[in-house]
Amino acid sequence: MIKMINIVYRLKSPKFFEESIDEIELDGVIVRPSHLSICQADQRYYQGSRPAEVLEKKLPMALIHEGIGEVVFDNSGEFKSGDKVVMIPNTPMGEDVCRANYSYNSKFRGSGFDGFTSDLVKMDSDRLVKLPDDFNPHVSAFIELISVAYQGISKFSEIAITPKDVLGVWGDGNLGFITALFLKEKFPESKVLVFGKHLDNLNLFSFVDGTYQIHNVPDDLAIDHAFECVGSSASQSAIDQIIDLINPQGTINLFGVSEYPIPINTRMVLEKGLAIQGNSRSEREDFIGVVETLEQNPQLFEHLEKLVTNICVIHSLNDLKEAFDKDYISHFGKTILRWNK
Amino acid sequence: MIFAAILAGGIGSRMGGTDTPKQFLTLGNKPVIIHTIEKFVINENIDKIIVLTPNNFINHTNHLIKEYIGDNEDIIVIEGGQTRNDTLMNSIKYIDENFGIDDDSIILTHDSVRPFVTHRIIEDNIYAAKKYGACDTVIPATDTIVESVNGETIESIPVRDYYYQGQTPQSFNIKKLFNLMSSLTEAETNILTDACKIFTLKDEDVHLVKGEVTNIKITYPYDLKLANTILDDKND
């Protein structure tokens, strides 16, 4: 197979990026990244907060798994040069009986192999979904994150057997915001309540039916199903509160990533007959679902734009470093990289 | 139309120890010049790629392109000239005779021995040449530049912040370039070492495009060794 030289910008060690020369095969679609978005997972590599043995094994590696770009060249003929596309970071390497985003046979960009910070990215055509030209590029940059919420909501719909009258979302960060927004979109008849710690953040959830600070929840409040978008060690208190407030046979949908094992009150899980479902990453059908939903409901962009808190133009590796530093001190929202490197 | 001229006219006098021009030496698993041409082949904004080589390397270059890239009617190999500017002039004449030159036609001229050029640099060149009429790819100078006329003592040390190292591509509006080249006196022609100088001599603006430290030119045997090492390094 013909290989072409490509320049990749990798994290060599925490807080240190380097240029490296790589080669890409020309048998797929060649994409030039245009807008990328920093995820907590990238930040954990950049800050060096992953365990040392993980860093040693995975670095050097290009970060970033959320992003869009323009097609430069396509051997398959499926795309035209100049087509705007969202890139799917999950990359199945073989068949499996489960969804490909949970398969051991899948690799993930910016985790198992290089992410999107490079001059060009080579992808198979099924790892790309075409975007309408009029989509806001800053919001489109984090369609991957939206697709994670989307796939969680789709899976929830399949397992929930009790009414969906009251849906509770725990977490007032980016994923909580997106999950609440898409729950409201998919289940307009349901009441969506958000539980968080930060009043400033909760005030931005203007589209939901109610917001509560976690230390100030009415005693008689009950929910039918819960979505945990908290993560880290704080997941424990969130899950505790969910188990307290949830009605019997409800579902608890977990989204928050934690570096630590989280204890769960299994006695009450048994007593209430609860179902706990884990969620991570997403697959092609979720990306297509998100693009279609946004196309049919352009007003969603208005809400999602609130999440765009930093837009950084990246001309150099120093710009990239500054963007990560800026993102780290932001307590809410997404940092978007306009990729000019 | 948008043209790329790959300048492979040099015989590599600085390379030493080999009779093969440096652009035909192997980098990784194929010749340097093929790596370079590929960067322009995948850019669908570029209509034609003109490769300019010494006369006795035209057939060889054609064979290499056929072997590594395949049949591609958008790549044309023609003879370069004695100097860089002769080579550039040959490409412009070829374009004029075969495709015609309109007001919007631009040409990206690129060293065949800079295989690490990025897609971003090429795109920025197209944009700047269309918008400003001329551009040069540069990186800020990192070493201090000293000026010495006699080669023995320092004449001056310019402020480094104002100095850049020139890379390629250098890109131009073809009509503008042709008109300026035709208006040069013999004395002016003799001091031309760089196509952008044609513009600066005639007080025409040349826009700067940001290069990359990785966009190195393979000039000395050391460069090729280094390039091969970093290309091999990727699998470590």
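This is a predicted model: local features need pLDDT of at least 70, side-chain atom pairs count only at pLDDT 80 or more; totals for chains, interfaces and linings use all residues.
The contact between the chains takes 18 residues from chain A and 17 residues from chain B. On the chain B side, α1 (32-41), α4 and α8 (221-233) each supply at least two residues. By class, this side of chain B divides into six nonpolar, five polar and six charged residues.

One of these elements, α4 of chain B, covers residues 119-132. Just after the helix comes B:G133, with a positive phi of about 90°.

Two packed helices are described by the angle between their axes and the distance between the axes. For α4(A) (residues 143-159) and α9(A) (residues 284-296), the angle is about 105° and the axes are 8 Å apart. Because angles of 65 to 115 degrees count as roughly perpendicular, that is the description given to α4(A) and α9(A). From α4(A), the contact uses A:I143, A:I146, A:S147, A:Y150 and A:Q151, and from α9(A) it uses A:D286, A:F287, A:G289 and A:V290. These residues comprise five nonpolar, three polar and one charged.

B:M1 is in the segment before β1 (2-7) of chain B. B:M1 has 15 other C-beta atoms within 10 Å and is therefore partly exposed. Beyond its neighbours within four places in sequence, B:M1 contacts B:D47, B:K48, B:F99 and B:S105. B:T87 is 86 residues from B:M1 along the chain, and their C-alpha atoms are separated by 20 Å.

Most residues other than glycine have a negative phi, and most peptide bonds are trans. The bond from A:L59 to A:P60 is cis, with omega near -5°, and A:P60 is in the loop between α2 (52-58) and β4 (66-74) of chain A. In that loop between α2 and β4 lies A:I64, which has a positive phi of about 80° without being a glycine. A:I64 is buried, because 28 other C-beta atoms lie within 10 Å.

A:K15, in the loop between β1 (3-13) and β2 (16-25) of chain A, has a positive phi near 65°. A:K15 is exposed, because it has 12 other C-beta atoms within 10 Å. In chain B, the peptide bond from B:T168 to B:P169 is cis, with omega near 10°; B:P169 lies in strand β8 (residues 164-173).

Notes
Residues are numbered from 1 along each chain as its sequence is written. Chains are lettered from A and ligands numbered from 1 in the order in which they are written. Helices (H or I, at least four residues) and strands (E, at least two) are DSSP runs, numbered from the N terminus. The expected span of a helix is 1.5 Å times one less than its number of residues. Two residues are in contact if their C-beta atoms, placed from the backbone, lie within 7 Å. Ala, Val, Leu, Ile, Met, Phe, Trp, Tyr, Cys and Pro count as nonpolar, Asp, Glu, Lys and Arg as charged, and the others, Gly among them, as polar. Axes are lines fitted to C-alpha atoms, for helices over the stretch in contact, and angles run from 0 to 180 degrees between N-to-C directions. Angles under 35 degrees count as roughly parallel, over 145 as roughly antiparallel, 65 to 115 as roughly perpendicular and the rest as oblique. A residue is buried if 20 or more other C-beta atoms lie within 10 Å of its own, exposed if 12 or fewer, and partly exposed in between; C-beta atoms are placed from the backbone.
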